[in-house]
Amino acid sequence: MRRFLTLLVIFSFFASLNQGLAQNRYGLMERPRKSMEMGVSIGATAAFMDLDAAGVDASPKVGVRAALVMSLVWQEKYALQIELAYLHNKIDTKLGAIEHDVKSNVMEIPIMFSYRGLGPMRFNVGPVLSLAASGRYSNGVERIEFGGVRPTLGYTAGVGVELTRHIVLDARFTGGLARTDNYFEGAEFRSSAYWATLGVSYLF
């Protein structure tokens, strides 16, 4: 009788194990290994500038960032995320008693590798292509070029949190790999800028 009960327990264990493996195999067969995400994103962006010009002071204001988001996801943990984004900031720029608002407009394409294997967290890193990144200001008579505010090639890194199936909160840091040439009221100088962005994405 004792042997029978022992054999029954062993048989039940292996039967349960086999059923679990079968369910896992079925789930893996049914689960799509690749999928596509698409959505839109909007958020606030703060710029920080470093100038090598004596007497010129630049104080960027908090601006706005809007983007179209597309991700190719595989194995539910990895993704290639590409965005087409527009950023707008105002920069209070001074040279002595002269002060003007420089309007900064950036069109960027981040190409990020995303790891999503830790619960709702998303870790993103990759290069950024800035197709247009210039500043202009008006002196009351004409619009004047301030020069570039970001080089063509840069980098970005950030973290996101999936709040719901459709809503993702994203924090990101973006910088350039070179300095840019700038001009303001006769002064010529070089600068570098960095952006910190906090945004919300809605995925369809």
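**Figure 1. The overall fold.** The protein has 1 helix and 11 strands (DSSP runs numbered from the N terminus: H or I of at least four residues for helices, E of at least two for strands). This is a predicted model, where local features need pLDDT of at least 70 and side-chain atom pairs count only at pLDDT 80 or more, while totals for chains, interfaces and linings use all residues. Numbering starts from 1 along each chain as its sequence is written, and side-chain values use heavy atoms, leaving out hydrogens and water. Starting at the N terminus, the order is α-β-β-β-β-β-β-β-β-β-β-β. Of the 204 residues, 35% count as buried (under 20% relative accessible area with a 1.4 Å probe, protein chains only; exposed is over 50%, and partly exposed is in between).

**Figure 2. The largest nonpolar core.** Here we're looking at a core of 21 residues, with Met 49, Phe 146, Phe 189 and Trp 195 making the most contacts inside it. A nonpolar core is a set of buried Ala, Val, Leu, Ile, Met, Phe, Trp, Tyr and Cys residues joined through side-chain atoms within 4.5 Å. Strands S1 (34-51), S2 (56-60), S4 (78-95), S5 (98-118), S6 (121-138) and S11 (187-203) each give it two or more residues. S11 gives the most, with 4 residues.

**Figure 3. Around Phe 189.** Skipping neighbours within four places in sequence, Phe 189 is in contact (heavy atoms within 4.5 Å) with a set of residues that includes Leu 51, Val 56, Phe 146, Tyr 183 and Phe 184. Asp 52 and Asp 181 are also among its contacts.

**Figure 4. The largest cavity.** This one has a volume of about 170 Å³. Among the 20 residues lining it, Gln 81, Glu 83, Asp 170, Arg 172 and Ser 201 are the closest to its centre. A cavity is a set of points on a 1 Å grid over the protein atoms alone where a 1.4 Å probe fits but cannot get out, and lining residues have an atom within 4 Å of a point. Points are joined across faces, edges and corners, and the volume is the space filled by probe spheres set on them. The lining has 4 nonpolar, 9 polar and 7 charged residues.

**Figure 5. The second largest cavity.** Its volume is about 40 Å³. Ala 47, Met 49, Asn 89, Ile 91, Ser 104, Val 149, Ala 193 and Trp 195 line this cavity. S1, S4 and S11 each give two or more residues to the lining.

Definitions and conventions. On a 1 Å grid over the protein atoms alone, a cavity is a set of points where a 1.4 Å probe fits but cannot get out, and a pocket is an open set with protein on both sides within 12 Å along at least five of seven lines; lining residues have an atom within 4 Å of a point. Ala, Val, Leu, Ile, Met, Phe, Trp, Tyr, Cys and Pro count as nonpolar, Asp, Glu, Lys and Arg as charged, and the others, Gly among them, as polar.
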